[in-house]
Amino acid sequence: MVGDRSSGKSSLLEGLTGLSFPIASDLCTRFATQIVLRRAPASEAAVSISIIPGPAANTNDEVKKKLLSFGRKLEAGAFGSVEFSSILDEVCRISTYPL
């Protein structure tokens, strides 16, 4: 979704996912966030997090490799707002240029 600053994008994502998106900082607006929801039996429910490099990263093989190597997978029951916030912080540190 796209919209003007303070137009409720983070609030809508929070309502859809039940996760707290950082609203008071630039963290959310610095990264495009893709959320894909799939039906699965509760026993198979999991959360997978990865980074899809954007156009700027694709011009630098070292940066692209670093971003593509990031990945986290957690069982759904072990994932919540605290883990989400921690992972966003980690992504922010990883994707800071230059390497």
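The model is predicted, so local features need pLDDT of at least 70 and side-chain atom pairs count only at pLDDT 80 or more, while totals for chains, interfaces and linings use all residues. Residues are numbered from 1 along each chain as its sequence is written, and side-chain values use heavy atoms, with hydrogens and water left out.

The protein contains five helices and two strands, where helices (H or I, at least four residues) and strands (E, at least two) are DSSP runs numbered from the N terminus. Their order along the sequence is α-α-β-α-α-β-α. Contacts are defined by heavy atoms within 4.5 Å. Of the contacts with a separation of 6 or more, 51% join residues 24 or more positions apart.

Of the 99 residues, 24% are buried; buried means under 20% relative accessible area, exposed over 50%, and partly exposed in between (1.4 Å probe, protein chains only). The accessible surface is about 7,500 Å², and carbon and sulfur atoms hold 53% of it. These areas come from the Shrake-Rupley method with a 1.4 Å probe, and for residues only the protein chains shown count as cover.

On this surface, Met 1, Leu 12 and Leu 16 form a nonpolar patch of about 330 Å². Patches are made of residues with over 30% relative accessible area and no salt bridge, with like charges joined within 9 Å and nonpolar side chains (Val, Leu, Ile, Met, Phe, Trp, Tyr) within 5 Å. Met 1 sits in the segment before α1 (9-17) and is exposed, at a relative accessible area of 55%.

The largest pocket has a volume of about 1,400 Å³. Its lining has 37 residues, and those closest to the centre are Gln 34, Ile 35, Ser 48, Ile 49 and Ser 50. At least two lining residues come from each of β1 (46-50), α3 (55-58) and α5 (81-94); β1 gives the largest share, five residues. On a 1 Å grid over the protein atoms alone, a pocket is an open set of points where a 1.4 Å probe fits, with protein on both sides within 12 Å along at least five of seven lines, and lining residues have an atom within 4 Å of a point. Grid points are joined across faces, edges and corners, and the volume is the space filled by probe spheres set on the points.

One salt bridge is found in the whole structure, a salt bridge being a side-chain nitrogen of Lys or Arg within 4 Å of a carboxyl oxygen of Asp or Glu. Glu 90 and Arg 72 form this pair, at 2.2 Å from N to O. Because Glu 90 lies in helix α5 and Arg 72 in strand β2 (residues 71-75), the pair ties together parts 18 residues apart in sequence. Arg 72 is partly exposed, with a relative accessible area of 32%.

Glu 14, in helix α1, is partly exposed at 28%. Glu 44 belongs to the loop between α2 (27-30) and β1 and is exposed at 56%.
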